[in-house]
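This report looks at pockets and at model confidence. The structure comes first.

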Amino acid sequence: MRSYRQLFRSPEFTPLFLASSANVLAQTISGLALGTLVFRATDSPLLSAVSMFGPSLAQVLGATFLLSGADRLPPRSALTWISLVFAASTAVLALPALPLWTVFLVILGQGLVASLGGGVRWGLVNEILTKDGFLLGRSVFNMMAGIAQITGYATGGVLVALLSPRLSLLLAAALYGVAAAILRLRLTARPPRAQGRPSIAATWHTNALLWSSRPRRLAFLALWIPNGLIVGCESLYVSYAPDAAGTLFACAALGMLVGDVTVGRLVPPALRPRLGVPLLLLLATPYLFFALRPAVPSAAVAAAVASVGFGASLVQQERLMALTPDELGGHALGLHGSGMLTMQGVSAALAGSVAQLTSPATAMTVMAAASIAVTLTLAAASRRHAEEGGLVATEGSGGR
């Protein structure tokens with residue numbers, strides 16, 4: 001499957017795509033609104049960053065206790081209820097005079113629910129599409145996320161400036177409701193992909209099985225850490241440029257869109273595996289420029305160029321799926337998503353802490369340098385593993 005036309009002719013792909021678009025748009029608008037609301041109330045880069053990316057911190061709990069449901073729950077029902085929970089909780093965040101501790105408690109609940117949603121959604125994509133269409137399908141979802149984020153941050157920025165963050169949160173709640181309606185009315189009721197009831201024991205067993213393979217471990221770490229550290233840089237946009245954060249987010253989303261189109265559609269399959277490390281280095285390097293405290297136009301260009309590197313995730317997801325049995329695909333993709341979002345939440349808290357002690361520009365530079373160091377370390381570990389595998393194969397051949 002090598003064309004977008006073939007992709008959208010696949011049964012159920014279009015309604016899932018539309019519902020996911022509404023969810024991402026809602027998440028983008030609500031994140032910017034909530035981050036702005038908290039920053040205005042506290043003047044704290046740390047709390048602003050955590051309020052925007054805080055749901056990601058709860059992903060580790062979901063991955064630990066709930067993730068077995070990714071393959072053991074009916075996809076349509078699970079995705080519909082997840083969207084409804086987000087609609088209700090986002091409406092709660094719009095309530096006036098809501099205590100700060102309540103805001104973060106709601107954010108924690110959203111993160112727990114989201115940890116299950118990623119595994120269910122991507123497992124369903126893997127089920128709807130053929131094997132050769134998975135990467136193209138994921139690239140389209142990533143492109144959609146980029147377009148929705150550009151639209152959402154632009155719309156959210158205007159709404160926050162002209163109206164209020166709370167009205168933006170109510171709009172986001174309505175969009176979650178639209179997504180729930182599309183999922184309920186347009187998807188077919190499918191049985192779970194795996195037998196048995198969701199349980200903590202099943203989650204732990206499958207996590208351990210996935211983690212037992214060294215190549216899979218390295219693939220998970222490459223998907224989680226370098227990406228997450230750069231999202232820590234993005235979490236400081238509000239405190240770096242309070243009046244232009246929407247512009248920075250929109251430019252970063254535009255760069256991500258370019259990267260996903262290039263990797264998913266234009267790069268030949270034989271070349272893709274070689275691009276993982278270069279793209280991750282591209283993702284981090286432009287943020288070193290923030291050490292000079294650039295003005296908003298230059299900062300926006302740096303953010304856009306850097307975000308092209310997010311295309312590395314497509315390369316790494318393709319490798320992860322090649323290393324994972326089909327019956328564990330939903331769980332593996334859920335673990336990837338939960339781990340990635342957890343790392344993004346941790347990085348947002350870490351970046352906010354460094355910014356609190358120094359400045360947002362300094363914190364961005366530190367996070368970028370850390371991302372580069374991790375990427376090079378993981379690349380060296382992968383290379384050593386490949387060389388050891390080649391040596392074992394050679395010795396085995398000699399013995400025969």
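## Second largest pocket

The lining of the second largest pocket holds ten nonpolar, four polar and two charged residues. This is a predicted model. The pocket's volume is about 290 Å³. It is lined by 16 residues, and Gly 157, Val 160, Pro 242, Asp 243 and Ala 244 are the closest to its centre.

Helix 8 gives the most, with five residues.

## Largest pocket

The largest pocket contains about 490 Å³ of space. Its lining has 21 residues. Nearest the centre lie Pro 273, Gly 276, Gln 316, Arg 319 and Ser 382. By class, eleven lining residues are nonpolar, five are polar and five are charged.

Which helices supply at least two residues each to the lining of the largest pocket? They are helix 11 (214-234), helix 14 (276-284), helix 16 (312-322) and helix 18 (360-399). Helix 18 gives the most to the lining of the largest pocket, with seven residues.

## Model confidence

Mean pLDDT for the protein is 84. Of its residues, 93% reach 70 or more. Residues 391-400 have pLDDT below 50. Beyond near neighbours in sequence, that stretch makes zero contacts in the model.

Note on methods
Residues numbered from 1 in each chain as written. Predicted model: local features only at pLDDT ≥ 70, side-chain atom pairs only at ≥ 80, totals over all residues. Heavy atoms only, no water. pLDDT = per-residue confidence, 0-100. Contact = heavy atoms within 4.5 Å. 1 Å grid on protein atoms, 1.4 Å probe; cavity = no way out; pocket = protein on both sides within 12 Å on 5 of 7 lines; lining within 4 Å. Points joined across faces, edges and corners; volume = space filled by probe spheres on them. Helix = DSSP H or I, 4+ residues; strand = E, 2+ residues; numbered from the N terminus. Nonpolar A, V, L, I, M, F, W, Y, C, P; charged D, E, K, R; others polar.
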